[in-house]
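This report is meant for a reader who is meeting the structure for the first time. Please keep the sequence and the 3D view at hand while reading.

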Amino acid sequence: VLLGSGLTVLSQPLMYVKVLVQVGYEPLPPTLGRNIFGRQVYQLPGLFAYAKHIVKVDGRAGLFKGLTPRLCSSAIGTVVHSKVLQVPTGCVSGGCPLPDASAPLQPGASKKEPVSSLEQVLKETSREMVARSAATLITHPFHVITLRCMVQFIGRETKYSGTLSAFTTIYREEGILGFFSGLIPRLLGDILSLWLCNMLAYLINTYALENGRGHAGAEGAFLHPQVSMVEMKSYSQAVTGFFASMLTYPFVLVSNLMAVNNCGLAGGLLPYAPTYSSWLDCWSQLHKEGNMSRGNSLFFRKVPAGKRYVWE
């Protein structure tokens, strides 16, 4: 919990800028710069220029708006995730077999089959999916409040100035469902990213790194006796995780937009965003505009031809 909280504090300015870019808020006009090939192009402000503008308006403390509900979300999510993973596999289906098949082997214990077989990878991924989904479901109200606290920067509102008062405001204006705005695309994105990452890592570890011997996987990588193989498998897990997050980024974007859409803040209304009837409607309109990757990169943000941006 402490480690997660520390990382949350450090990454807060990055997430703050990312959310404002996702909404479509561009407070600074494009500037003429050069891309990685040395060619002159018009670029939108990057992470540091954007952060500098926020500091100029609100001071350094302004970079940490929405930190309190995000810390609550991180801490509660970590505890829930850990508790769900501790539930024996059989208890979910109506019985608790002993010993638990997914429990780690004790030192000196023998195993008849590889821990990293396809069946084991499927089982562990399923358990992780349930744990992540439970944590996301419980902490999503804090996630919604975090996003709305950040988006207030656009219209200079103070509607969601406190965590407890924000709960009262959302319940009074939108009811219980208001706390779960954007939940479905967020859950779908998490689940797809998890399965893509683990299955791709299993295929690479099994058929590329092990030459088809079939006893390597996302979990079994750490049990391999060769250090070099352990490193290769950890790299493959990181690469597949990055690849999966890139593919599922549109779900993150749509979820964040739906969390602030038509909530009474300037950032959730025109000219930044129309009123979406559902997350599928939001997805469709972003796809038509070619904005499915907006906010995915905070560096070298070239101004796409034919697109409009709102800046002061």
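The paragraphs below turn to a strand pair, aromatic contacts and cysteines.

This is a predicted model, in which local features need pLDDT of at least 70 and side-chain atom pairs count only at pLDDT 80 or more, while totals for chains, interfaces and linings use all residues. Residues are numbered from 1 along each chain as its sequence is written, and side-chain values use heavy atoms, with hydrogens and water left out.

Helices (H or I, at least four residues) and strands (E, at least two) are DSSP runs numbered from the N terminus, and two strands pair if DSSP finds at least two bridges between them. Strands E1 (residues 31-34) and E2 (residues 40-44) run antiparallel and are joined by four bridges; Gly 33 has Val 41 in E2 as its bridge partner. Five residues lie between the strands of this hairpin, where Gly 38 takes a positive phi near 85°.

Rings of Phe, Tyr and Trp (its six-membered ring) pair if their centres lie within 6.5 Å, with planes under 30 degrees apart counted as stacked, over 60 as edge-to-face and the rest as tilted. The structure holds eight aromatic pairs, among them these:

| Pair | Centre to centre | Between planes | Type |
|---|---|---|---|
| Tyr 25 and Phe 153 | 6.1 Å | 75° | edge-to-face |
| Phe 167 and Phe 179 | 5.4 Å | 35° | tilted |

Because Tyr 25 lies in the loop between helix H1 (2-23) and E1, and Phe 153 in helix H5 (residues 118-155), their pair ties together parts that are 128 residues apart in sequence. Tyr 16, Tyr 25, Phe 153 and Tyr 272 form one aromatic cluster.

Under the disulfide rule (a pair of cysteine sulfur atoms within 2.5 Å), the count is zero.
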